[in-house]
Amino acid sequence: MANDKNLVKKQTTLGRVGKRKLRPIEKHLATAFSQAPLGLVISQINGTVIHVNNAYGHLTGYSLNELINNRFEFVIHPDDQRYYEHHLSELIRSRPGSPVIHLRCLHKQGHQIWVKLHTTILEPETDQIQSLFSIVEEVTQEVTQRDEQQKLVALVDNGLDFMTIADWEGRVTYMNEAGRRLVGLDNARLVDKKIADFYTPEHYRQIQELALPTLLSQGHWTGRVEVRHFITGETIPCQASAIRIDDPHSGKPIGRGFTLRDLRAELAAQEMQRKLLTLVDNSIELMSILEMDGKNSYINKAGIAMLGFDNAQQVQQTPISQLHAPEHFDLVERQVLPSVMNTGRWSGEMLVRHLKTGEIFPVFNNTIRIDDPHDGQPIAVGAVMRDRRPELLAQRALEESELFSRNVFHHSPVAKVVFVGEEMVVRTVNEKMLTLLGTATSIIGKPFKEAMPTLLASSFAQPLDQVFTTGETNYQPEVRIQLGGSAQAEWGYYDCIYKALRNTAGETYGVIVTASEVTGQVLARQKVEETEAALQEAIELAQLGTWQIELATGSIEYSPRLRAWYGLDSDEPLTQPKSVAAIRPTDLPRIQQALSKAMIPGSSGLYDIEYTVDADLTGQERILRAKGKAYFTAEGIAYRLSGTVQDITEQRNVQLALEQQVQQRTEELEAINEELAANNEELIAASEDVMRANQRLEEANHLLIRSNQNLEQFAYIASHDLQEPLRKVQQFGDLLINRYGSELGEGRSHLERMQVAASRMSRLIKDLLAFSRISTQPAPTDPVALSQVILNALDNLAVAIKEAKAEIIVAELPMVPGDALQLEQLFQNLISNALKFSRTDNLDRNQPPRIIVRTHQVLASDLPALLKPTRLARIYQCIEVMDNGIGFDEKYRDRIFQVFQRLHGKNEFAGTGIGLAICQKVVTNHGGAITATSKPGQGATFSVYLPI
């Protein structure tokens, strides 16, 4: 301490002095030091404080005695002490400098204060540092304000809404990050921007007329605006809020502040909400909302229809109790509502009642609780109901058709196989897949690696484990598979679909693979690729040039050959002037006119023109022919022109020579034409004779049509009018046999023969009546299920089938266009014909009649040579009726379809000879054809061809 006192005595600056008497100047300095408004501190080089004033004590909260002889650093915040030490060492090292620094100090009461510190080195004449003089000024309020301002700026700059400030003339002086991002600007591009730049001229004019007067008069304005994105040009709808910024001194407006909120997401949400409401209102399931007071507040269209409401108003007036079956209303009260209130949802099956019909039917109900988003209290109950009646009917139909489904799998035209378990054990496989792999059903029950070892390394096997593990469906197009069972290696292409099989718990237990052959499509595509390559070779062989113009960008492309014809370098960029520089100027207007015509919307887009290339730029004059086509967008706007160019110089030279020869030949032919003119006069006279013959032929056709109509009318009237006297003959014959049969003697046999003849005549009249009723006009084109037609025909022939003990086999039949009644008569006659001509010896050998009905499609090019359908079509449906009867000689094939034509005696086989004629007439009305194939004793096959 003694040393410190001696050091103080030697100081030349103000400090604590000894007991010597102070001089007047020193007194004044001491008074000024003590009463200075800023904190003043004199400290030794080691930091010990040797003198402070009252302002510094007040600043730190310590007394002068607590500060003197203590280190200056003890009031500095711990986090800033290293900073102060570094500053002090730099100050001592540089000496002349005296920078001002800001740091934190701790007040005696513990709170933090900010100070501005200016330290000066006090040096005597010896240049030895003796002490430090520091001026300390509190700047806590300034720093706090600066921090708050920085926080405010950071808050605004990082805000989610567009914020900007502009002067009153509209020049933008500030824009936050969200604003720059919204309109696509950065700080560099923001310079010199005005408010008007953010709007279209029309929209900005509306803002000037509506918003600015309100802003000027009231100081604020809100409304809807639309700003544009400076990069994409997109128009962005926003909700705007503007304030007027006034001068704090004069109160005059000096600027404007804007806040914009992007409404795209909100408008999209509103649109999504509208779509969602539309989706709900048009859902096929009942959707409703029930208020807590038990009243229906909303129900969609499906619910109104399902429950029998007349309109939405009736929904509000109907208690919920009337919609449930009486025995299920207690379920709602005791289980559904308590469960929804406690757990938030309830799902299960219940019974509801139709308001109009009173029908009770099951529904699957999924009910949820709807809570207030603010306080979480329940405000309503939402319910979704699915009518289970269709589902139950479908389930019953599914159970009834399980066998049918298995048959569909095994006889599917698409190859299918089912694997189960991690080892991919083959559970089932259809015939198509067995044929594809060239294997047998013995692979069932074997793992994939044993059942199909040749496919282990192929792309067919790769997705199996992935689909089994993830459960996601995998599609593998154009998988190349070697076909099995062939003597030579053959390959096919298949689109393979791998679908996971799940049990009722949703767990994957297997994979079903479906392979659809696309070999034809793949080979066709490869053919197209080969064709494109061949086309390019053809272009080269034909020595054609190619060109293309992109109308949107104006870019022009010429092939190397065309560039050479135009005298252009191979790598020279093409511009519009350069692309036509070599063309003769007189041809340019025609070329431009042809191009404009090709680009007209709705035109064919074709471009074809000849022009000449001058020799000035190319070194050789050429006559070129350009062909091309314009390509249009969906809106009909041309976006591209492309085509080829051919050098036809030699062709035109040859053509010129030919024209000269033609001129010579023309003169020679004029003389020949004079001779031909005379011959033409003779031909005209002959043509008049032909015209008169055609007129006579047309009159004969009309007479023939009228005759056919009269014949049909006569057949109908005659057969109809003959029914009545014939019935009387039969009735009186039966009466004579019943009453006087025992007295007639031999007359009874004559009478019975008369009855047989009358019965045969009755059948003949009925068949004739049926034949006349079938219209010769084309049959309707309504779709008809042939399966139902055959069932109806078999039902009509049930007695005859049972008596003959016949076996009827009907394959799956398609839909065809036509008339159901006529088609039923067609197949009833064919099946009846097969029953009638069955072999009698079959019954003796326990071989009953066997009739097969099957179908397949036939291309028009594959029809039998002599078969002529009455309506042309690309594909015909062939329906065959096959029997094992007595058959016939095919030389009578055309005869059997004629009216009253028989191949056997009436005593041997009953019939009128009209049934097959009716068949032919029905097929003719349907635009098709009918034929038959047979051999005596080997059955017959009747083939009906119908256009589809």
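Visitor: Leaving aside its neighbours within four places in sequence, which residues is W491 in contact with?
Guide: W491 touches R480, I481, Q482 and L483, where contact means heavy atoms within 4.5 Å. This is a predicted model, so local features need pLDDT of at least 70 and side-chain atom pairs count only at pLDDT 80 or more, while totals for chains, interfaces and linings use all residues. Residues are numbered from 1 along each chain as its sequence is written, and side-chain values use heavy atoms, with hydrogens and water left out.

Visitor: Where is W491 found?
Guide: In strand β19, residues 490–502. Helices (H or I, at least four residues) and strands (E, at least two) are DSSP runs, numbered from the N terminus.

Visitor: And how far apart are W491 and I481 in space?
Guide: They sit 5.6 Å apart, C-alpha to C-alpha, and ten residues apart in sequence.

Visitor: Switching to rings. How many aromatic pairs are there?
Guide: Twelve aromatic pairs, taking rings of Phe, Tyr and Trp (its six-membered ring) with centres within 6.5 Å; planes under 30 degrees apart count as stacked, over 60 as edge-to-face and the rest as tilted. One of them is Y199 with Y204: the centres are 6.1 Å apart and the planes at 25 degrees, so the pair is stacked. Y199 is buried at 9%, and Y204 is buried at 18%.

Visitor: What about F897 and F942?
Guide: Their ring centres are 6.2 Å apart with planes at 85 degrees, so that pair is edge-to-face. The pair links distant parts of the chain, 45 residues apart: F897 is in the loop between β30 (875–883) and α30 (915–925), and F942 is in strand β32 (residues 940–947). F897 is buried at 5% relative accessible area, and F942 is buried at 4%.

Visitor: Which residues do ring pairs link into a cluster?
Guide: Y56, F72 and Y84.

Visitor: Now helices. How do the axes of α26 and α28 cross?
Guide: Helix α26 (residues 786–796) and helix α28 (residues 820–836) have axes that come within 9 Å and cross at roughly 55 degrees. Axes are lines fitted to C-alpha atoms, for helices over the stretch in contact, and angles run from 0 to 180 degrees between N-to-C directions.

Visitor: Which residues meet there?
Guide: On α26, L786, V789, I790, N792, A793, L794 and N796; on α28, A820, L823, E824, F827, Q828 and I831.

Technical notes: Buried means under 20% relative accessible area, exposed over 50%, partly exposed in between (1.4 Å probe, protein chains only).
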